[in-house]
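The sequence and the model are shown first.

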Amino acid sequence: MSNSDQIQRLMFDDFDVRGVLVGLDESYQQVLSRADYPEVLQKVLGEMLAAVALLTSNLKIEGRLSLQAQGDGDLRVLLAECNHRNEIRGIARYSDDVDLSEVERFDQLLVNGRMALTIEPESGQRYQGVVPLEGATVAECIQQYFTQSEQLPTYLQLTADSKRAAGLMLQVLPAAGSGDQDWSHVVTLATTLSDKELLELDNSSLLYRLYHQDKVRLYDPDAISFKCDCSRERSAGAMQLMTEEELLSLAREQGGKIEMNCQFCNQIYTFDEPDIRALFKNDGQLNESNALH
């Protein structure tokens, strides 16, 4: 199978083309274990997780990259994220009574759909680009984004089967002078790769299957894992959007405590009255003597 929970870069020696391969297994299953998603959402989430892992591999900053699709129908949000440490997470939000049994393709999921790609550096300015929903698949939509916004020739293949997810991305090197014929050669061979092969072949076998007549270098792989960066402190910060009086009133209505539930990992953070009062001391900064309990 594709290299499990790894991302691996590749480079063509004779062409100005680079690539990335990703395989998700346990990390993908960790995302799916957080909710009982319909099969079509499991597959689309897998494709989006593979996509953000591939796209993050090109980032030269410390931070996270997210791909979010929204709609006005029963399926409201699809979100996948990956950071520079190759930690992924994802979620889908939809109506409990939604029937997706007849839906087979990504472009059929969203009503009045829109998608955005967001880069959030740990320090620096946030960037967001609109991804046109002009394709039947997640991969086709992202390819359109590169074509329209960056003019960087990109080929993307994504697949998932509710157990594993995998992806291949090929790009012309920025500012490279590779001719159209070289790019056409690389992409033409890539299009012969089936989704089954992308899921099941290890990376070396996959590249030999496609490019055994070309010189391709595989770099050392990096591990990918599921991790949610939620925390008690982040939850406390979100609560401070309300006033102390509002939070105390809400806690009393809920039996003396407020529970904050992370939608990504189902972790629950509980805050009682002393916790809430502590949030509004020392300018909201908690320390050892004023720690939440």
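Buried denotes a relative accessible area under 20%, exposed one over 50%, and partly exposed a value in between, computed with a 1.4 Å probe on protein chains only. The model is a predicted one, in which local features need pLDDT of at least 70 and side-chain atom pairs count only at pLDDT 80 or more, while totals for chains, interfaces and linings use all residues. Residues are numbered from 1 along each chain as its sequence is written, and side-chain values use heavy atoms, with hydrogens and water left out.

**Salt bridges**

A salt bridge here is a side-chain nitrogen of Lys or Arg within 4 Å of a carboxyl oxygen of Asp or Glu. The whole structure contains 16 salt bridges, including those in the table.

| Pair | N to O distance | Relative accessibility |
|---|---|---|
| R89 and E81 | 2.7 Å | R89 10%; E81 9% |
| R85 and E122 | 3.5 Å | R85 45% |
| E259 and K257 | 3.7 Å | E259 43%; K257 36% |

R89 is buried, and E81 is buried as well. Together with R64, these two residues, E81 and R89, belong to a network of salt bridges. R85, by contrast, is partly exposed. R85 and E122 form a salt bridge. This pair connects distant parts of the chain, 37 residues apart: R85 lies in the loop between strand 4 (75-83) and strand 5 (87-94), and E122 in the loop between strand 6 (114-121) and strand 7 (127-131). Helices (H or I, at least four residues) and strands (E, at least two) are DSSP runs numbered from the N terminus.

Strands count as paired if DSSP finds at least two bridges between them. Strand 2 (residues 17-24) is largely enclosed by the rest of the structure, because eight of its eight residues are buried. V17, G19, L21 and G23 point one way, R18, V20, V22 and L24 the other way, and all are buried. Strand 2 is joined to strand 1 (residues 6-12) by six bridges in an antiparallel arrangement, and a hairpin of four residues connects the two. Strand 2 also runs antiparallel to strand 9 (residues 165-172), with eight bridges between them. R18 has a bridge partner in each neighbour: M11 of strand 1 and Q171 of strand 9.

**Nonpolar cores**

A nonpolar core is a set of buried Ala, Val, Leu, Ile, Met, Phe, Trp, Tyr and Cys residues joined through side-chain atoms within 4.5 Å. The largest core has 61 residues, of which L24, L41, L67, L78, F106 and L109 touch the most other members. Helix 2 (residues 39-56) supplies the largest share of this core, 12 residues. Another core, of 21 residues, lies apart from it and has L10, L170, L206 and L207 among its members.

R232, S235, A236 and M239 are buried in helix 7 (residues 232-239). They lie on the same side of helix 7, because they cover an arc of only 100° around the axis, taken from the directions from the helix axis to the C-beta atoms. Their cover includes helix 8 (244-253), strand 13, strand 14 and helix 9 (273-279), where contact means heavy atoms within 4.5 Å. Strand 13 (residues 257-261) and strand 14 (residues 268-272) run antiparallel and are joined by five bridges. N261 stands opposite I268 of strand 14. The two strands form a hairpin with six residues between them, and N266 in the turn has a positive phi of about 70°.
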